[in-house]
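Please find below a colleague's note on the model under review.

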Amino acid sequence: MNPYFDHTLYKAFIQEEQTGEFFTILPDAIKAQDGDTGINMMVVYSISAVSPSKYLNNFDINENSGVISVVTGLDREEIGEVTISIKAAQVDDNMKTANAVVTVTIEDANDNPPVFDKSRYHATLLENSLTDTVVFRVKVTDLDEGGFNGTLRLLPESVPFSVSLDGTVTVKTSTDLDRETVGHFFFQIEAQEADTPNRVVSADANVTLLDENDNTPVFSASIYSNSILVKDAKVGDVVLTLLATDKDIGNNSLITYSFSAGNFTYLSLNDKTGVVTIASDLADVTEDTALDFTVMAQDHGLPPLNSTARGLVSLMTVSLSEGVAFESPSYNFSVAENQPEGAAVGVVKASPGSSLYDISYVLMTHTDLFTIDPRGALLTKETLDKESQDWYILEVKAVDTRIPPTSAVALVQVEVEDVNEAPKFIDGIYQAKIFSIAPFKYPVVQVKATDPDSGDSERLQYSMSEPSSYFDVDPSTGQVYVVSAVGLAGQTTTLTMKATDPLGLQATAMVQVDVQGSASSDVVVISLNQAANVVEKNIPEMEESLGRALGWTVRVIRVSSSNSGEAESRKLRNNIKTFVSIIATDVDKVIPALEIKKKLQSESATVKAELEKVFGAGLEYDVQDDPVEASDNQAIVIALGVLLGLSMLGLLLMGTYTIVKFIRTKRNAEDSDRESFAIDNQSNINQDRKTSGNLNLGLRSHGIEKKAEPEPDSQNKDSNSDDSQTSTL
């Protein structure tokens with residue numbers, strides 16, 4: 001009698017990546033029973049099928065005992081369950097068989113590390129923000145079953161922030177958020193999984209504090225005083241120079257000066273500079289008079305903050321006591337940026353009031369950048385950069401040799417003048433690889449230059465030192481793109497790129513482009529029961545679906561229709577067949593056509609299922625033995641359609657070259673090369689289609705063709721045009 005299994009369905013469980021015998025968990029394993037005796041009861045076990053079929057070689061069975069073993073471990077993140085079909089055949093009569101199915105469930109192992117959704121996080125936060133204020137959020141994922149299961153923490157722990165298990169970063173201590181003390185916080189976010197091997201990953205974070213108007217202006221002195229001789233005073237003479245500073249930035253640090261109380265008769269105050277001058281004639285002052293008043297410095301923040309100082313001006317009718325005095329209470333100088341150390345800024349001058357005494361000068365502020373010599377000459381100590389800071393306020397004190405000495409302070413404003421600087425490329429040499437039929441406007445590489453001058457980087461203009469018929473560059477972005485690389489197959493071309501600033505200063509960089517030759521022998525043609533215009537509109541999705549099914553990067557290089565001789569709309573045709581030419585690459589290797597065909601056939605069910613996601617149920621496809629060509633006239637019409645989108649000069653030059661080149665190539669070889677897209681930068685191809693307005697221009701080795709964009713409802717246009725459609729992408 002025929003052998004039989006105890007059960008027709010068995011269940012087994014293995015760990016992912018496990019190898020060796022695994023079915024010993026069942027008491028009898030897989031054992032076929034035979035009622036015969038002797039040789040008749042001997043059976044041989046074998047694996048008849050594995051689903052999915054790609055895992056057939058991952059399993060083996062002992063033909064005598066029926067124990068199944070794993071030859072090559074499986075990845076649960078790739079496949080969660082495999083079905084193995086087992087056959088038992090009687091030794092003396094192999095026609096007597098029994099069949100059973102083993103369902104193998106792959107159990108998860110912790111073999112994937114956690115992953116942050118970003119490698120670097122940046123956020124801005126108002127200083128003095130309250131505790132528990134949300135700063136930003138992070139997301140951590142894990143491909144293993146159950147996702148990320150672990151802990152998050154911030155390093156160093158001293159940062160004034162904390163992170164919760166859901167990835168929310170919040171303010172831990174608001175008292176540490178003082179922009180004037182620390183304006184930026186740099187730290188790391190660390191994620192550690194809970195299960196062995198307890199992997200740890202991290203991401204960088206940067207929080208910039210925004211200014212809040214939390215600092216009041218501060219006067220450089222609590223009392224400003226001066227004495228003037230009435231008979232020598234004139235309207236407009238400077239009496240006092242007030243100075244207040246604010247640690248905040250922007251409008252929060254802008255200061256307005258005003259008189260707030262007291263007697264300030266005869267005086268005027270400049271609300272921007274803080275300079276107090278004589279406002280009227282002092283002829284009616286006949287005795288010594290003290291003007292005692294209060295001045296206020298108020299910032300422009302919301303709400304505004306202010307502080308006050310005392311002013312004291314003595315109007316003297318008799319000679320003043322001798323003392324140090326500057327020739328001017330304030331000075332304004334300028335110095336060009338980028339000058340070497342020791343550049344002259346300007347000279348201040350003070351008088352001791354008597355030739356018996358000498359004067360020495362002391363610089364009281366910005367001593368790291370400036371110095372002053374014994375003659376009162378201000379010099380730079382370092383090279384100044386206008387783009388870092390464009391003006392400085394210095395305080396210079398003059399001290400005489402009296403005992404006790406007297407002194408005076410003058411205010412010096414130094415403006416750093418701009419000097420145009422040449423731009424600089426970020427890299428001196430750029431390298432890229434493309435295939436020779438990369439389409440018009442296909443991005444090769446983006447060059448980038450910076451301009452040291454403030455705000456000028458965005459106004460740089462990019463160009464090529466020598467015009468090229470093969471490549472061009474976008475003048476505003478620096479994106480180098482293909483015009484036509486057909487004539488460069490197998491060559492490496494060097495381009496010289498220029499970046500020019502608004503005043504004409506330039507920088508140069510080299511771009512080396514390796515143009516790969518033809519890949520036509522690796523082209524495979526499949527047919528679809530879909531209209532050509534439907535296929536053309538779904539090319540990006542079709543490439544992704546085929547890529548998932550085959551495990552390679554797939555590019556469509558041509559779409560053509562075999563339907564002809566009908567005057568009705570393509571939407572209404574019954575027997576539609578559209579030919580699609582494709583190539584496949586793995587990293588930078590082009591897959592041979594024979595290998596592509598084999599995989600299309602072996603994975604036909606998967607391929608069909610993926611294509612049905614794009615075109616819907618009822619999709620049929622077939623692998624063609626021979627490539628399908630468009631007619632001469634149609635290809636020429638498509639090429640001219642592209643050229644109409646160019647300038648008139650491009651039409652005269654490029655159109656003539658395209659048609660002559662196409663006809664000559666057509667005579668020499670009926671099956672012209674169809675080359676693949678660039679082997680580098682694969683992800684840019686779909687983006688290029690979008691940014692080009694779905695124009696989908698392609699350069700072929702014998703001409704330029706433009707993707708046809710038929711209007712589905714315009715039957716008159718379809719009926720008057722050639723039914724054979726070809727688009728090279």
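The numbered points below begin with the basis of the model and then go through selected regions.

1. Basis. This is a predicted model, in which local features need pLDDT of at least 70 and side-chain atom pairs count only at pLDDT 80 or more, while totals for chains, interfaces and linings use all residues. Residues are numbered from 1 along each chain as its sequence is written, and side-chain values use heavy atoms, with hydrogens and water left out.

2. Overall content. The protein has 8 helices and 53 strands; helices (H or I, at least four residues) and strands (E, at least two) are DSSP runs numbered from the N terminus. Of its 729 residues, 43% count as buried, where buried means under 20% relative accessible area, exposed over 50% and partly exposed in between, with a 1.4 Å probe and protein chains only. Among contacts (heavy atoms within 4.5 Å) between residues at least 6 apart in sequence, 69% join residues at least 24 apart.

3. Threonine 170. This residue belongs to strand β16 (residues 168-171) and is buried, with a relative accessible area of 14%. Phenylalanine 136 is 34 residues away in sequence, yet the two C-alpha atoms are 7.3 Å apart. Leaving aside residues up to four places away in sequence, threonine 170 touches Asp132, Thr133, Val134, Val135, Pro160, Phe161 and Ser162.

4. Alanine 203. Strand β18 (residues 200-210) contains alanine 203, which counts as buried at 1% relative accessibility. Its C-alpha atom is separated by 5.1 Å from that of serine 119, 84 residues apart along the chain. Beyond residues up to four places away in sequence, the contacts of alanine 203 include Phe116, Lys118, Tyr121 and Phe187.

5. An open sheet. Four strands form an open sheet in the order β38-β45-β44-β41, with mixed pairing. β38 (429-435) and β41 (461-464) stand at the edges, each with a single partner strand, so one side of each has no neighbour in the sheet. Neighbouring strands are turned by 30° against each other on average, direction ignored; axes are lines fitted to C-alpha atoms, for helices over the stretch in contact, and angles run from 0 to 180 degrees between N-to-C directions. β41 pairs with β44 (residues 492-500) in the antiparallel sense over 4 bridges, pairing being defined by at least two DSSP bridges. Glutamine 461 stands opposite threonine 500 in β44.

6. Helix α2. This helix (residues 539-550) has 12 residues and reaches 16 Å from first C-alpha to last, close to the 16 Å expected at 1.5 Å a residue; the expected span is 1.5 Å times one less than the number of residues. Its buried residues include Ile539, Met542, Leu546 and Leu550. Just after α2, glycine 551 takes a positive phi of about 80°.

7. Backbone points to inspect. The peptide bond from leucine 155 to proline 156 is cis, with omega near 0°, and proline 156 lies in the loop between β14 (150-155) and β15 (161-163). A cis peptide bond also joins threonine 196 and proline 197, with omega about 15°; proline 197 is in the loop between β17 (184-193) and β18. Glutamate 17, a residue other than glycine, has a positive phi near 70° and counts as partly exposed at 45% relative accessibility. Asparagine 338, likewise not a glycine, has a positive phi of about 70° and is found in the loop between β29 (330-336) and β30 (344-347).
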